[in-house]
Structures are given as C-alpha cells and as structure tokens.
Amino acid sequence: MTGTQSSAEELAVPAVGVWNRLEGRPRTTGFDRALRAEVRDPLWMLTRQWQLGEFRGTDAGSPVTVTYAVSPSRPTRFQPPVGPPQDLGADRPLETVAERRRPQLTFGTPGTEKIGFDLRLAIGRHWFKLMAAERLLLGNLLGFRNAYIERYPIALPDPGNPDDVAKLAHPEVWSMMQTVAGRRMDGYLFYLHLKGGGHAEDGTGLLGQLQSALLRKLGARLVRWYEKLIDRPVAEPTDATWDPGRFEYRFSVAAGVEGGGEKKLSAEEYPGGTLEWHAFSVDPENPVGGAKPPEPTLTRTVFPAPVRYSGMPLARWWAQEDGKTNFAAVRPDSTDLARLVFLEFALVFSNDWYQVPCDLPAGTLSRIQGLVVTDVFGQKQWITPAGRGRDEDWRRWSMFTLDTAGHGDVRADTDLLLPPSVPKVAEGPALEEVLLIRDETANLVWGIEQTITTPVGEPRRGSEAAAEVVAFRRRLHDAVAAAAGEDPPRAPISYVAMNSVPEHWIPFIPVHAPGDNREIRLQRAAMPDVVDQRPVKPRTTLLRPGLDDLPAGQKPQYYVNEEEVPRAGTRLSVAYNRTRWRDGRVVVWLSARRGVGRGEGSSGLAFDLLEDTPLPPSP
C-alpha cells in the first residue's frame, strides 16, 4: 500500500477534533489606552458622521472674541404725577424719592390735633444738646431751657376737647403726656418757626448780640439736622407720588439720549417695596425736559464663554456626565409648553449659547450700539437684537426689555434699564396697617385699621385702641349724665335702627362716577359713634385723605377705584425704611406698601332690631 492510499484510508475514519480559543493577553497592567475607545477605521467614523447629520452644518465655527459698543445714560430728571419736574440727584436711591411720605405730626384742619410726640420731643432734645455744646458761651443753660419750654410748650390733654380723646383714652399715652407736659419743649413748633423765617431767640427774652448770633447759627444747624434725619417730600402735595385712589405710586424719570433728545420712563403701577426695571414703561408722549446728555460710548472686546448649568448634557462623545439632573425623569404633558421649551433647550440647543461679560454701572439706561462676533475661521458677524421689530408684535421674543406705553405702532425698545436702586432695604415695624375687604352682605367695602399709630408714635392694635376710646367716652358720658341727674325712662325692649360695628371699621359705599351710570367708585363714609353719635373718623393716614389738607368749611371726600379692592382684598401698610447708599450715607424714609388681603368678610351690620333693655335693679 502506498502512502497515498494510507492517507485516504485515515481520512475516511471519523475522528474527534480539538480546538483552542484565542484570547487577548494584555502586555501591561494599565487600561488607559483601552478606555480611549480609539477608532482605527476613519471611513467608519465618516459614515457615522454622515448618518448623524453632522455634515449638514453650514458654519460650525465657535466664537472667539466679541466687540460691542454700549452707550449708557443716567436718569437725571424726576416728575411726580402732579407737581413740576425736578432734578434727580445721585445722593440717594430712587426708592427714596419715589416712596417718601411726610411724617404726620398733626390731624385735623388746620392741624388742631397734635400727634407724633416722639419726633417732637426728639427735635427739642437735639436743640438742647446743641445749646449744651456751647455752654461756655451761653452761660446759664438752665435758664435757656426754661425759656424755650415756656415758648414752645407741651400742654396736658383737655377732657373737654374732642381732639384730645385719643391722648386721654390710652393709659400709655396719658402717662407719657403727664411726664413731658411742662418739662420738655415742642421741637416741631420750634422747627416750623425757624423754617418760616423766624429766629431762634424770638419770644424767649434772650438778648445780646453775641448770644443772638450764636443762637441763629445753632438754629440753622437744627433745621439741617432735622431735614436730613428723615427724607420727605420738599413741597407736598405737589411732590407726593402716592395715589390714594389707586393705592400705588405714580412717577416718571427721564434720561438723555444721543442727538439731544430724552427718553421718559413712567412707573404707573408701582405698589412699593422693591423697585426693579419691570415697573417702568417707555412713555413717548409728554416729555419731562431738562435731561442731561448721555455718557460717552464704551467700546470693549471680550471673550465669550459657553453657557453652563448643573447637569448639562455634554456635547463630546464618550464624555462622562455628572448625572446631577435626570432629564429622563422629566415627564411633561403635551400642553406644558414651558417644560417642553426647557427640555428642548437643555437637550438640543444648550451648547449653542454663549455669554458675554458686560459691566454696566447701576442707575443707567444702556443701549447696545453694535455687537460683532469673530469666530475661529476669522469671519465676523453683526448681531442684531432678538427683540427688534414692532412693539405690538406678539411673536416678538425678548427678555429684560422695556414695554412702550399705549397701543401705537412703534418700534420695540431694546434698551437695558438698571434703576438707581439698592438691593436690600431694612423695613421697620408697621406703624399703620389697613385691610380693605368686601362685605357682600352689607354691600360695602370696609377699611379695617388693624394697626394705628398712637399720638406718641408707637404702633397699637386698632381693635384695642378703638375699644379704649369707646370705654373712655362711655365713662365720660355716664359721669356727665350722673352729675346732671338724668335718668330717662326705660322700657323692657328698645328699637334699634342700626347696630354698631367697631370704630376701627371705616365704611366705603359704592357710588356712581360723575356723568357715568355704569362706572362705580368707592366713597369713604362714616359710622356714628356709639356714645354721642358723632361721625367716626379714621386714625390712619392711609384712610384720611381730604381730612387734614382741605380748607375749613369744605366737605372732605375721598374716592377709591372699585377695581383696587378685589375679592381677595387689599392690604396697606406704612413703615420706616432704612438703607445705605453707595457713598456710605444712611437714608431713612417713610413709605407705604400695598399687598394682597385675606378674602372677604362680614361686619355683622344689621338694621331694624329689637333688643332687651337692661333695667336697673328694683329697690
């Protein structure tokens, strides 16, 4: 048998085959190269890029530098709703000029009831300190003190004077009045005398050329000190910006623009509190006039930076994300447009946004004159504002831009406003607080004085103060009736035309506007006193417009727009504010603020009642 035949016979017999698996044998202990996920086939990578649509981009150049020109302008004119325009200085924040109110130191016409004795005493005490500093020149300081106390006295309240009931009814006020009466001077009367052109030595019997000159110098210092103590309107009511019929502030500021013109910004519905850019609207009509020209244009070249946020998806392949934000867990509804837009930005277009640093001083109205972007290919692109177009175009997209007042077909304003305001204001306790509610049962709106200011300047609950006044009047009335020997006949039951409500509830009745049978306004009314049936007047300045600033003989009237008191109600408060300006100067002012109420309420007012009459015990 040959060799060939032998091999053929061996192949014809079945046999068991054995194979060995080929495995990779690492040559090093590191895995750095394996984790790189290197691609050895460029054609495969190009194919994947074509499948993902990466070749469809027309320009994938990233921005390198941005050059912009900005023209800032400072608001230099301020106009209240009634008075003439005035210069807007840079020595105080805009909130102070817009919100400041005059501290109320008198009630009635013409200021017959004195209140605010804390401030009156503070002025007098400061005057005595000024004199004490000049003790060597003035000589007998005690004699000088007595002379001014007699000239500007603080008298004890008179039980027979209706204006002094608030001082007699409250024990704390009555105790303080007894303490200071005849021992301290009324500094506010002294200030009014100096402000009206009088001299410090008038009516005191202090003579001598040296003493008179020194007292007049100290008097001028006292006036400057008091006017810097609390920032207040220069000439009320023309400088006042608070609209009592709408419960909001109204004012305008003006800034110069290029070409010699000006831009007027009006705040028509500012409720008080934090003054931001969104409180203003561009007013193309009725210019203020007198605005200073804008500052020189600033040109800068900066480096843009990509927008980053926590959990942002990374644009690179094989990059490890932090996983702080789980976008897969966000399940928006088909009508949840805001969430859908956010997801589209986060997952698709987030890496297309860049931010450009632009430092602007606070208190300016800035306009971007031009913006040029240079990319990595050296190409330059001129960027136009996204919010350009017509102001009334609802399809226009913009952020942090000003609206134009009215409905005229005008160009959209793309300027950026940084108001000359402060980021933080320390607010004191509420000196006055009023809650306006709707009483559908009685068809009235009630102004509930929840907090009132006592004559010594301290806040007090309105319900407690009203109860003390009623109790004092009852005691006074019973004492007068007992002295006169009056004992009217009494029946077991008595007819009551109308029951009473607490005296800190001030009614507002709906009336028609003049010449209009549809429009309704709320007119302030008065409830009769439960003791002597006199009209009850409000004790807060928020509800007293017309009671203290009208000539004698005229009937005070106060109206509130009906839409200002919704079903949720309206809350008003008055408090002192304190902040520090850029130069370190401390600014203090008194302001009002508007908020949301707590809903409707009921006063329990009823008519035509029969009540049991308490009979005296039988002898």
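Colleague: Why is Ser366 called buried?

Modeller: In this predicted model, Ser366 has a relative accessibility of 4%. Buried means under 20%, so Ser366 counts as buried. Ser366 is found in strand β13, residues 364–375.

Colleague: Which residues does Ser366 touch, leaving aside those up to four places away in sequence?

Modeller: Ser366 touches Val70, Ser71, Pro72, Leu360, Asp415 and Leu416. Contact here means heavy atoms within 4.5 Å.

Colleague: What makes Val425 partly exposed?

Modeller: The relative accessibility of Val425 is 25%. Buried requires under 20% and exposed requires over 50%, so Val425 falls in between and counts as partly exposed. Val425 is found in the loop between β16 (416–418) and β17 (426–427). Beyond four places in sequence, Val425 touches Asn577, Arg578, Thr579 and Trp589.

Colleague: Is Val434 buried or exposed, and how do you know?

Modeller: Val434 has a relative accessible area of 0%. The limit for buried is under 20%, so Val434 is buried. Val434 lies in strand β18, residues 432–439. Residues up to four places away in sequence aside, Val434 touches Gly447, Ile448, Glu449, Thr540, Leu542, Leu543, Thr570, Arg571 and Leu572. Val434 and Arg594 are 160 residues apart in sequence, and their C-alpha atoms are 9.7 Å apart in space.

Colleague: How many aromatic pairs does a search of the whole structure find?

Modeller: The search finds 15 aromatic pairs. One of them joins Tyr249 and Tyr270.

Colleague: Why is the pair of Tyr249 and Tyr270 called tilted?

Modeller: The ring centres of Tyr249 and Tyr270 are 5.8 Å apart, and rings pair if their centres lie within 6.5 Å. Their planes stand at 40°. Stacked would need under 30 degrees and edge-to-face over 60, so the pair is tilted. Tyr249 lies in strand β7 (residues 248–256) and Tyr270 in strand β8 (residues 262–270), so the pair ties together parts that are 21 residues apart in sequence.

Colleague: What makes the pair of Phe251 and Tyr270 edge-to-face?

Modeller: The planes of Phe251 and Tyr270 are at 85°. Edge-to-face means over 60 degrees, so that label applies to Phe251 and Tyr270, whose ring centres are 6.3 Å apart. This pair links distant parts of the chain, with Phe251 in strand β7 and Tyr270 in strand β8, 19 residues apart.

Colleague: How do you know whether Tyr249, Phe251 and Tyr270 are buried or exposed?

Modeller: Relative accessible area is 0% for Tyr249, 2% for Phe251 and 2% for Tyr270. Buried means under 20%, so Tyr249, Phe251 and Tyr270 are buried.

Colleague: Why are helices α5 and α10 called roughly perpendicular?

Modeller: Helix α5 (residues 117–133) and helix α10 (residues 187–195) pack at an angle of about 70°, with their axes 6 Å apart. Angles of 65 to 115 degrees count as roughly perpendicular, and α5 and α10 are therefore given that label. In this contact, Arg120, Ile123, Gly124 and Trp127 of α5 meet Gly187, Tyr188, Leu189 and Phe190 of α10. The contact residues divide into five nonpolar, two polar and one charged.

Colleague: Finally, why is Asn286 called exposed?

Modeller: Asn286 has a relative accessible area of 57%. Exposed means over 50%, so Asn286 is exposed. Asn286 lies in the loop between β9 (281–282) and β10 (298–302), and has a positive phi of about 50° although it is not a glycine. Asn443, found in the loop between β18 and β19 (444–453), also has a positive phi, near 55°.

Conventions:
Residues are numbered from 1 along each chain as its sequence is written. This is a predicted model: local features need pLDDT of at least 70, side-chain atom pairs count only at pLDDT 80 or more; totals for chains, interfaces and linings use all residues. Side-chain values use heavy atoms; hydrogens and water are left out. Rings of Phe, Tyr and Trp (its six-membered ring) pair if their centres lie within 6.5 Å; planes under 30 degrees apart count as stacked, over 60 as edge-to-face and the rest as tilted. Helices (H or I, at least four residues) and strands (E, at least two) are DSSP runs, numbered from the N terminus. Buried means under 20% relative accessible area, exposed over 50%, partly exposed in between (1.4 Å probe, protein chains only). Axes are lines fitted to C-alpha atoms, for helices over the stretch in contact, and angles run from 0 to 180 degrees between N-to-C directions. Angles under 35 degrees count as roughly parallel, over 145 as roughly antiparallel, 65 to 115 as roughly perpendicular and the rest as oblique. Ala, Val, Leu, Ile, Met, Phe, Trp, Tyr, Cys and Pro count as nonpolar, Asp, Glu, Lys and Arg as charged, and the others, Gly among them, as polar.
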